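Work through the exercises below with the sequence and the structure in view, and try each task before you read its solution.

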Amino acid sequence: MTTAAQAAVTSLPRGHWFPAATAAPPTACGTSLRTRTLEETEALARASMERCGITRIADVTDLDVLGIPVFHTMRPAAAPGLNTVTSGKGATAQAARVSALMEAIERTWCEPPAHAPARHTSYAQLRREGVRVLDPRRLVPRRGHGWTEEAELGWWPVRELYTDTEVMVPALSVFVPWPHECGLFNSNTIGLAVGNSPQEALLHGLLEAIEQDCTAFGETLRRGSRIRLDSLPELPADLVDRFQRNGVRVQVFAYANAVGVPTVFATTDDTYAADGMLINGGAGCHPDPLVAVTRALTEAAQSRLAVINGAREDLNGQAYRRHASYLAMREMLHAWSADRDEIDFSGLANTSTGSTAGDLDQVLHNLREAGLPLVFATELAPDDLPFSVTKVIVPGLEVYHHDRARLGVRLHREMVRAKMAKGLV
């Protein structure tokens, strides 16, 4: 990479995600707020299909008995390591179809850009040059990694949003797929989101990253309350009814979390099929708990259909469930979910402000209050794409449920308090 090319790769300023005035008022879009209607979003997404290599949209809803809408999109030229099939879910067919299209679009632009290679150098060298750079150890690396301060990595400029400063971070934390450099961790799509505006994409990227953190705490520490199903509002109650009428047992939990954004997890167990692969789950995180629970339930339906359809490559990572008995898988679910206190859905605080900008400010405030003082963002979509694709990186958020070799300080501290781990000597 030439010096001129390096200079051309810079991060966008904070104002990209925080414009002086909102260009468009929020529009009710299902249960969420968006800056375009579903119809407008779908039209623009369809117009972007060829550019993103999306060859087909498939309605797979009727492969399952539930009737909860799920769509798949096909992107055959996806980079190795990414799914060629992406999924979308929603309470309506149009919402699910748009969801599938948008996921395929975000996955297109998270791939490393051929026109602007990352800079390959060491952390120590960047420090010697006086460049602001993030210590990779802030990103909860895997135990036993081989990184040292003189080891060369790929680096990419991002924007720290509180201070509006450019910082170099490992490209491994930005792009997917990316080589497993120094054994730090696997590249992933946590914090990746697409939106009708940069602000919308940033908010949803943050919520997705917080959802993963809450899930790491909730699954590991078994913290959280079971939500009484008869206390659910009309829309999620109807979704639960669709599961139950077809022999699928549903449980819904509210994760207790330090960030203070309602996070809901739903589990489903197909008692008719008696198949361990059809014990599924879904999560949702949003300041409005109605949005969170609806996303959790529709994601559980999407998870079922991914198994039934069998087209997604990431099912290979669940091979252990194929070889385990249904009774063994159900016993694991029971052990995890038993002995929970119960609450009504109304006990979940709705912290939404009713606007994207307000919700974003509230989420950022909550992160700082939780002891997470750094938030990085970078725009991945080209200027002429009608959508923003933002990757969000929040050092210190946990992902232990995905990789047991990645245990951060925050979760480890709570595990010690719960006598699940020993303190550092």
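## Exercises on rings and helices

In this predicted model, ring pairs join F253, Y255, F265 and W336 into a cluster.

**Exercise 1.** Find how many aromatic pairs there are, and decide how the rings of Y123 and W147 are arranged.

*Solution.* Start with the count, in which rings pair if their centres lie within 6.5 Å; by this rule there are seven aromatic pairs. Next, take the pair formed by Y123 and W147, whose centres are 5.8 Å apart and whose planes make an angle of 70°. Planes over 60 degrees apart count as edge-to-face, and the pair of Y123 and W147 is therefore edge-to-face.

**Exercise 2.** Describe how helix α6 (residues 198-221) packs with helix α12 (residues 409-417).

*Solution.* Two packed helices are described by the angle between their axes and the distance between the axes. For α6 and α12 the angle is about 20° and the axes are 11 Å apart. Angles under 35 degrees count as roughly parallel, and therefore α6 and α12 are roughly parallel to each other. The crossing in which α6 passes α12 is right-handed. On the side of α6, the contact is made by D213, A216, F217, T220 and L221, and on the side of α12 by R410, L411, E414 and M415. Sorted by class, the residues in this contact of α6 with α12 are five nonpolar, one polar and three charged.

**Exercise 3.** Describe in the same way how α6 meets helix α11 (residues 356-369).

*Solution.* The axes of α6 and α11 come within 10 Å and cross at roughly 40°, which makes α6 oblique to α11. The crossing of these two helices, α6 and α11, is left-handed. From α6 the contact uses Q199, E200, L202, L203, L206, L207 and I210, and from α11 it uses T356, A357, D359, L360, V363, L364 and L367. By class, the contact of α6 with α11 contains 10 nonpolar, two polar and two charged residues.

Conventions: Residues numbered from 1 in each chain as written. Predicted model: local features only at pLDDT ≥ 70, side-chain atom pairs only at ≥ 80, totals over all residues. Heavy atoms only, no water. Axes fitted to C-alpha atoms, helices over the stretch in contact; angles between N-to-C directions. Helix = DSSP H or I, 4+ residues; strand = E, 2+ residues; numbered from the N terminus. Parallel < 35°, antiparallel > 145°, perpendicular 65-115°, else oblique. Left-handed = near helix turned anticlockwise from the far one by under 90°. Contact = heavy atoms within 4.5 Å. Nonpolar A, V, L, I, M, F, W, Y, C, P; charged D, E, K, R; others polar. Phe/Tyr/Trp six-rings, centres within 6.5 Å; stacked < 30°, edge-to-face > 60°.
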